[in-house]
Amino acid sequence: MEQKHGPEKLAEFQDRVVKTFSDASTALRKTYKPTNVSLGEGAFGAVYLFKSRADPTRDYAVKIMIKDQLDPLVLTMAREEVAILAMLDHPNIVKYVESYEDKRYMYIVMEYLAEATELFEAIDE
């Protein structure tokens, strides 16, 4: 059996990590409850605070991206980011939880760090 390396291996891992649904929004909302609290916006989407339905004391940051507003290269990079985050486990890197995708949206669920500091703010201090 041929061993896959580099981009091929990453693409294979992406296929296992990113969950594809006919309606990702409904699937996401079965596990997480939106709070309508915006945590920030960027060029590729917005991040909102969600609560776990199983444990309402657990908070999550969910990045929501509207796929048709993204360049295909950016969407590929977002999927690669998800695959890489899923492989990482380090106390200084926000933890990836899971992701959902359908024809219209991509949702990336990450741990919520209430006391988090932006890298540039930490450097300034």
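Accessible areas here come from the Shrake-Rupley method with a 1.4 Å probe. With that set, I looked up the total for this predicted model: the chain's accessible surface is about 8,700 Å², and carbon and sulfur atoms hold 53% of it.

**Overall layout**

I went through the secondary structure next and got four helices and six strands. Reading from the N terminus, the order is α-β-α-β-β-β-α-β-β-α. I also checked burial: the chain has 125 residues, and 31% of them count as buried. Then I looked at contacts between residues at least 6 apart in sequence, and 50% of those join residues at least 24 apart.

**Helix α3**

I picked out α3, which covers residues 72-87. Its 16 residues reach 23 Å from first C-alpha to last, close to the 22 Å expected at 1.5 Å a residue. What caps its N-terminal end? I found D71 there, with a side-chain oxygen 2.8 Å from the backbone nitrogen of L73. For the buried residues of the helix I noted V74, L75, A78, V82, A83 and L85.

**Salt bridges**

I searched the whole structure and came away with five salt bridges. One of them pairs K63 with E81, at 3.9 Å from N to O. That pair links distant parts of the chain, since K63 sits in strand β4 (residues 59-66) and E81 in helix α3, 18 residues apart. I put E81 down as partly exposed because its relative accessible area is 32%, and the band for that label runs between 20% and 50%.

Next I looked at E101 and R79, whose side chains meet at 2.4 Å, N to O. Here too distant parts are joined: E101 is in strand β5 and R79 in helix α3, 22 residues apart. Is E101 buried or exposed? E101 has 5% relative accessibility, so I filed it as buried. R79 comes out at 22%, so it goes down as partly exposed. I also saw that K67 joins R79 and E101 in a network of salt bridges.

The K95 and D89 pair was my next stop, a salt bridge at 3.5 Å, N to O. K95 is at 34% relative accessibility and therefore counts as partly exposed. D89 has a relative accessible area of 65%, so I marked it exposed.

**Strand β5**

Last, I checked E98, which lies in β5, residues 96-101. I called E98 buried because its relative accessibility is 12%. What does its side chain touch? I found a polar contact with the side chain of Y100, at 2.9 Å.

Terms used
Residues are numbered from 1 along each chain as its sequence is written. This is a predicted model: local features need pLDDT of at least 70, side-chain atom pairs count only at pLDDT 80 or more; totals for chains, interfaces and linings use all residues. Side-chain values use heavy atoms; hydrogens and water are left out. Helices (H or I, at least four residues) and strands (E, at least two) are DSSP runs, numbered from the N terminus. Buried means under 20% relative accessible area, exposed over 50%, partly exposed in between (1.4 Å probe, protein chains only). A polar contact is a pair of N or O atoms within 3.5 Å; within protein, one must be able to donate a hydrogen and the other to accept it, and residues adjacent in sequence count only if both atoms are side-chain atoms. Contact means heavy atoms within 4.5 Å. The expected span of a helix is 1.5 Å times one less than its number of residues. A salt bridge is a side-chain nitrogen of Lys or Arg within 4 Å of a carboxyl oxygen of Asp or Glu.
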